[in-house]
Amino acid sequence: MVLIMGAGAVGCFLGGLLQASGQSVVYVGRPKVLEPLASHGLTLTDLDGRQNTIAGRDLRLFSDLPSALGSVGDQSSVEPPVVTLLCVKAGATLAAAQLLESSLPAGSVVVSMQNGIGQAALAQSVAPSLCFLDGMVSFNIANLGDGRYHRGTAGLLAATDHPVLRPVAEAFKLQQLKLRLVADMRPIQWGKLLLNLNNPVNALSGMPLREELMQAGYRRCLAALQEEALHVLRAAAIEPAQLTAVTPQKFLRVLRLPTFLFRLVARQALKIDAKARSSMADDLTAGRLTEIAWLCGEVQRLAQSVGLQAPLNARMQALVEAWPQRGAPYSPRQLAQALGV
Ligand SMILES: NC(=O)c1ccc[n+]([C@@H]2O[C@H](COP(=O)([O-])OP(=O)(O)OC[C@H]3O[C@@H](n4cnc5c(N)ncnc54)[C@H](OP(=O)(O)O)[C@@H]3O)[C@@H](O)[C@H]2O)c1
């Protein structure tokens with residue numbers, strides 16, 4: 001059985017794919033997510049034309065972990081999970097990990113499918129009896145409402161190699177999705193974090209991703225944040241993985257091209273649904289805690305660890321955190337001015 005801890009965009013999409021491949025999946029999430037699933041079923045679509053629907057009656061949906069697992073260790077109503085996918089946002093990691101620690105058998109494998117660098121380690125710090133592994137989803141998934149989840153971009157799925165994940169990788173393969181199992185997730189996590197530095201730019205632009213990336217001024221802001229992060233990574237001797245058609249260094253040059261050239265050169269990267277936005281944009285709109293402290297904050301922490309500073313990433317974090325006072329999008333010029341680039 002695969003347990004989805006935090007059924008949201010990522011959890012429902014990954015869980016749905018595994019269930020469509022014949023895996024037994026249990027979803028733990030909030031009533032606001034589970035109720036539409038129960039009444040409309042779970043529908044997965046993507047930019048390649050996928051259409052999977054799982055009827056509500058076939059979804060095992062729970063709003064709390066103990067009832068999802070029954071009484072594991074005694075007469076369990078549900079078999080203990082072979083693997084758990086931790087799919088909550090970074091701000092909810094500690095609480096979710098504590099719940100898992102008190103409910104799962106010792107030694108259970110939990111894969112953090114979250115953005116950022118240290119989520120698995122953070123979870124491990126409060127759940128010492130479990131085995132946390134790093135994972136990464138590098139495509140965008142949007143909750144379209146009524147139980148519909150849509151993958152709006154291409155991208156990689158990866159996790160630390162572990163024997164229990166091999167059958168999971170086979171199940172994803174049946175759904176034409178490659179789960180890459182690697183010895184060291186750090187380069188992939190940093191490669192993804194560089195790309196995720198667009199999340200705050202997108203959130204503050206108030207625009208869909210594609211529209212935002214078509215504006216040279218926003219791209220310049222992103223390039224400046226990435227350049228600073230690359231400088232810090234070099235100092236820390238970390239080589240980020242290449243997750244786009246070009247290396248992270250060359251990607252900076254592509255971002256700085258005039259828009260007519262950018263459109264041509266970045267054709268592949270721009271295969272994004274017209275309406276797709278970063279989930280940080282949704283968080284700001286909904287007044288929720290964002291993951292900025294685990295994106296720009298990670299760059300600052302790494303900088304400090306090697307005796308450097310990351311002032312642009314610090315300023316970007318401050319702008320996102322000050323959104324509730326401002327509440328209005330930044331034009332490209334306003335954002336560049338606010339960042340000082
Ligand atoms: N969406 C994407 O395109 C995407 C792509 C790649 C990576 N990621 C990363 O994947 C992670 C998950 O993102 P997401 O977009 O899937 O987030 P999401 O849609 O907000 O889903 C997470 C869900 O888990 C729920 N949750 C939190 N704590 C819980 C608990 N203890 N028990 C049950 N449910 C709980 C949340 O409820 P509350 O809202 O009440 O906390 C929320 O409904 C993030 O780190 C994100 O950066 C997202």
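User: Where is the place of Gly 29?

Analyst: This is a predicted model, where local features need pLDDT of at least 70, side-chain atom pairs count only at pLDDT 80 or more, and totals for chains, interfaces and linings use all residues. Residues are numbered from 1 along each chain as its sequence is written, and side-chain values use heavy atoms, leaving out hydrogens and water. Helices (H or I, at least four residues) and strands (E, at least two) are DSSP runs, numbered from the N terminus. Gly 29 sits in the loop between β2 (25-28) and α2.

User: Is Gly 29 buried or exposed?

Analyst: Buried means under 20% relative accessible area, exposed over 50%, and partly exposed in between, using a 1.4 Å probe and protein chains only. Gly 29 has a relative accessible area of 11%, so it's buried.

User: Leaving aside its neighbours within four places in sequence, which residues is Gly 29 in contact with?

Analyst: Contact here means heavy atoms within 4.5 Å. With the neighbours within four places set aside, Gly 29 touches Ala 7, Leu 34, Phe 62 and Ser 63.

User: What is the order of the strands in the open sheet?

Analyst: Two strands pair if DSSP finds at least two bridges between them. The open sheet has 8 strands with mixed pairing, in the order β5-β2-β1-β6-β7-β8-β11-β12.

User: Why is one side of β5 and of β12 left without a neighbour in the sheet?

Analyst: Both β5 (60-62) and β12 (179-182) stand at the edges of the sheet. That leaves one side of each without a neighbour, because each has a single partner strand.

User: What angle does helix α6 make with β12?

Analyst: Axes are lines fitted to C-alpha atoms, for helices over the stretch in contact, and angles run from 0 to 180 degrees between N-to-C directions. Helix α6 (residues 166-174) packs on the sheet and touches β6 (83-86), β11 and β12. Its direction and that of β12 make about 155°.

User: Which residue in the turn between β3 and β4 has a positive phi?

Analyst: Strands β3 (residues 42-46) and β4 run antiparallel, joined by 4 bridges. They form a hairpin with 4 residues between them. The turn residue with a positive phi, about 95°, is Gly 49.

User: How far is an oxygen atom of the ligand from an N or O atom in the side chain of Glu 291?

Analyst: A residue is near a molecule if one of its heavy atoms lies within 4 Å of it. By that count 23 residues surround the ligand, and Glu 291 is among the closest. The distance from a ligand oxygen to an N or O atom in the Glu 291 side chain is 2.5 Å.

User: Which residue's side chain joins that of Gln 114 in a polar contact of 2.8 Å?

Analyst: Gln 114 lies in the loop between β7 (109-112) and α5 (119-126), and is buried at 4% relative accessible area. A polar contact is a pair of N or O atoms within 3.5 Å; within protein, one must be able to donate a hydrogen and the other to accept it, and residues adjacent in sequence count only if both atoms are side-chain atoms. One polar atom of the Gln 114 side chain lies 2.9 Å from the backbone oxygen of Val 88. The side-chain partner at 2.8 Å is Thr 93.
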